[in-house]
Amino acid sequence: MSAPALSRRGLTRTVLRLHRTALIVWTAFVLGSVAYLVWLTEVTAGSCPRNGMCGAYSGAVSWIGTFMYYSYWAVAAWASGALIGRELETGTSRLAWTQSVSPARWLTAKLALPATALVLGGAVFVPVYRWAWSAHRDLRGDNLLFNDVFADHGPLVVAYGLCALAAGTLTGLLLRRPLPALAVSVALVTLLNRTLESHRTPDFWPTHLTETTVVLTTTALAAAAAFWQLRRSTP
């Protein structure tokens, strides 16, 4: 087997090992949230009185939606700190680049798996959340204009996760230190989120899809800037 093939296999093993804990946590979070939504909808809601909002059911569903919505904070922190910043600070990345692995391939390998996990997680969570949210409307006190409900009803929640991944990668490459990159990436994605939240209306799908487009465009620009910065900073 050729040296490049061996290096690719080594890179794959390294990436899988690096992502293992994060993937386990993300998978457990998504599947646990989905299972709890099913339980709340099929079991807890059935024990609620039908004369107003049920806190045991409504509150739990709301918290699940909130945690999923703001999971972009964790993604940004992980991408900027553990995924990129720490490897650049310790020099581990340069070791990989000397093993016939180009910087661009190194970064692509690092981003492909978490990006796929975010998309698949959203594909599982969103339809279950929409079903659970609409199943017992008489027991709930929120509506589609609530920030977490608004995002969790469609692809927007996935878009924010991907944007956090790209923004965290870019800040990690720019600052090259985990903690400063972590703080800056979380702040930047939060600023984007708060800005777009302030422009939402009752007109749900046009606004949701427009915001999703803006966030994904920002994601693409941040990812392109990350690869440009990597190419600029490596021989």
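This is a predicted model: local features need pLDDT of at least 70, side-chain atom pairs count only at pLDDT 80 or more; totals for chains, interfaces and linings use all residues.
**Exercise 1. Describe how helix H3 packs on helix H7.**

Step 1. Locate the helices. H3 covers residues 71-90 and H7 covers residues 156-175.

Step 2. Take the geometry. The two axes come within 7 Å and cross at roughly 30°.

Step 3. Classify the angle. Angles under 35 degrees count as roughly parallel, so H3 is roughly parallel to H7.

Step 4. The crossing of H3 and H7 is right-handed.

Step 5. List the contact. On H3, the residues include Tyr72, Trp78, Leu83 and Leu88. On H7, they include Tyr160, Leu165, Thr169 and Leu173.

Step 6. Sort the contact residues of H3 with H7. Twelve are nonpolar, seven are polar and none is charged.

**Exercise 2. Describe how H5 packs on H7.**

Step 1. Take the geometry. The axes of H5 and H7 lie 9 Å apart, and the packing angle is about 160°.

Step 2. Classify the angle. Values over 145 degrees count as roughly antiparallel. H5 and H7 are therefore roughly antiparallel to each other.

Step 3. H5 and H7 make a right-handed crossing.

Step 4. List the contact. H5 contributes Leu107, Leu111, Pro114, Ala115, Leu118, Val119, Gly122 and Val126. H7 contributes Val157, Val158, Gly161, Leu162, Leu165, Thr169 and Leu173.

Step 5. Sort the contact residues of H5 with H7. The count is twelve nonpolar, three polar and no charged.

**Exercise 3. Find the largest cavity and characterise its lining.**

Step 1. Search the whole structure. One cavity of 30 Å³ or more turns up.

Step 2. Size the largest cavity. It holds about 70 Å³ of space.

Step 3. Name the lining. The residues are Trp26, Met68, Ser71, Leu118, Gly121, Gly122, Val157, Val158 and Gly161.

Step 4. Assign elements. H5 (103-135) and H7 are the elements that give two or more residues to this lining.

Step 5. Sort the lining of the largest cavity. Five residues are nonpolar, four are polar and none is charged.

**Exercise 4. Which helix gives the largest share of the lining of the largest pocket?**

Step 1. Size the pocket. The largest pocket holds about 330 Å³ of space.

Step 2. Look at its centre. Of the 14 lining residues, Ala22, Trp26, Ala74, Val75 and Trp78 are the closest to it.

Step 3. Find the contributors. H1 (3-44), H3 and H5 each supply at least two lining residues.

Step 4. Pick the main one. H1 gives the largest share, six residues.

Step 5. Sort the lining of the largest pocket. Twelve residues are nonpolar, two are polar and none is charged.

Note on methods
Residues are numbered from 1 along each chain as its sequence is written. Side-chain values use heavy atoms; hydrogens and water are left out. Axes are lines fitted to C-alpha atoms, for helices over the stretch in contact, and angles run from 0 to 180 degrees between N-to-C directions. Helices (H or I, at least four residues) and strands (E, at least two) are DSSP runs, numbered from the N terminus. Angles under 35 degrees count as roughly parallel, over 145 as roughly antiparallel, 65 to 115 as roughly perpendicular and the rest as oblique. A crossing is left-handed if the near helix is turned anticlockwise from the far one by less than a right angle, and right-handed if clockwise. Contact means heavy atoms within 4.5 Å. Ala, Val, Leu, Ile, Met, Phe, Trp, Tyr, Cys and Pro count as nonpolar, Asp, Glu, Lys and Arg as charged, and the others, Gly among them, as polar. On a 1 Å grid over the protein atoms alone, a cavity is a set of points where a 1.4 Å probe fits but cannot get out, and a pocket is an open set with protein on both sides within 12 Å along at least five of seven lines; lining residues have an atom within 4 Å of a point. Grid points are joined across faces, edges and corners, and a volume is the space filled by probe spheres set on the points.
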